[in-house]
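Try each task yourself before reading the solution.

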Amino acid sequence: MPVTLNPYLNFRGNAREAMEYYRSVFGGELNVSTFADFQSAEDPSENDLVMHAQLDGPGLTLMGADVPNRMDYNGLSGFSVSLSGDDDATLRGYWDKLADGGTIVQPLEVAPWGDAFGMLVDRFGVSWLVNIAGAGGSSS
């Protein structure tokens, strides 16, 4: 198995909802395991929380989990997940879905380097960067 680098997002009680949402955005196969599945909940009220979820889609892997109440949770800040490529229709489709219910920080528009670029925070608090190579056409 080759080495891969992929985001692992932590949530407080809504990892299943978030990961199902990301499946609706990106497609792919989502596998979810709860704390009960591994008899790992120290508090029975956390049995149904997500211990590990993995979304494998076209060209991406996104993982996530719920942080149990006994552990510190610092929210989703200090990083962004970046989507980039030259498939304008696919990346704009992701942008539109991620922006639904979220906050656009920088509209998806032609940037000084000639690509379309935008920044947003989705409904779950995850910061996303989208860069569409060559989407700005040639500069004169």
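**Exercise 1. Find what share of the residues in the protein is buried, and describe the overall layout.**

Solution. Step 1: of the 140 residues in the protein, 36% are buried, where buried means under 20% relative accessible area, exposed over 50%, and partly exposed in between (1.4 Å probe, protein chains only). Step 2: keep in mind that this is a predicted model, in which local features need pLDDT of at least 70, side-chain atom pairs count only at pLDDT 80 or more, and totals for chains, interfaces and linings use all residues. Residues are numbered from 1 along each chain as its sequence is written, and side-chain values use heavy atoms, with hydrogens and water left out.

Step 1: the protein has two helices and eight strands; these are DSSP runs numbered from the N terminus (helices H or I, at least four residues; strands E, at least two). Their order from the N terminus is β-α-β-β-β-β-α-β-β-β. Step 4: the C-alpha trace spans about 65 × 30 × 25 Å along its principal axes.

**Exercise 2. Describe how domain 1 and domain 2 meet.**

Solution. Step 1: the domain assignment gives domain 1 (8-66) and domain 2 (81-132), with bounds that come from an automatic or database domain assignment. Their centres, taken over C-alpha atoms, are 23 Å apart.

Step 1: contact (heavy atoms within 4.5 Å) joins 12 residues of domain 1 to 11 residues of domain 2.

Step 2: about 970 Å² is buried between the two domains, and carbon and sulfur atoms give 73% of that area. Buried area here is the accessible area (1.4 Å probe) that two parts lose on being put together, summed over both. In domain 1, Tyr21, Val25 and Phe26 lose the most area to domain 2, together 53% of what that side buries.

Step 3: zero salt bridges are counted between domain 1 and domain 2, a salt bridge being a side-chain nitrogen of Lys or Arg within 4 Å of a carboxyl oxygen of Asp or Glu.

Step 4: on the side of domain 1 that touches domain 2, strand S1 (8-11) and helix H1 (15-26) are the elements that give two or more residues. H1 supplies the largest share, seven residues.

**Exercise 3. Locate the three salt bridges of the structure and state how accessible their partners are.**

Solution. Step 1: glutamate 42 pairs with arginine 70, with the closest N and O atoms 3.3 Å apart. This pair links distant parts of the chain, 28 residues apart: glutamate 42 lies in the loop between strand S2 (29-34) and strand S3 (50-57), and arginine 70 in the loop between strand S4 (60-66) and strand S5 (81-85). Glutamate 42 is exposed at 61% relative accessibility, whereas arginine 70 is partly exposed at 44%.

Step 1: aspartate 88 and arginine 92 form a salt bridge with their closest N and O atoms 2.8 Å apart. Because they are four residues apart in helix H2 (residues 88-99), about one helical turn separates them. Aspartate 88 is partly exposed at 29%, and arginine 92 is partly exposed at 30%.

Step 2: arginine 123 meets aspartate 100 in a salt bridge (3.3 Å, N to O). Arginine 123 sits in the loop between strand S7 (116-121) and strand S8 (127-132), while aspartate 100 is in the loop between H2 and strand S6 (103-110), 23 residues apart. Arginine 123 is partly exposed at 41%, and aspartate 100 is partly exposed at 48%.
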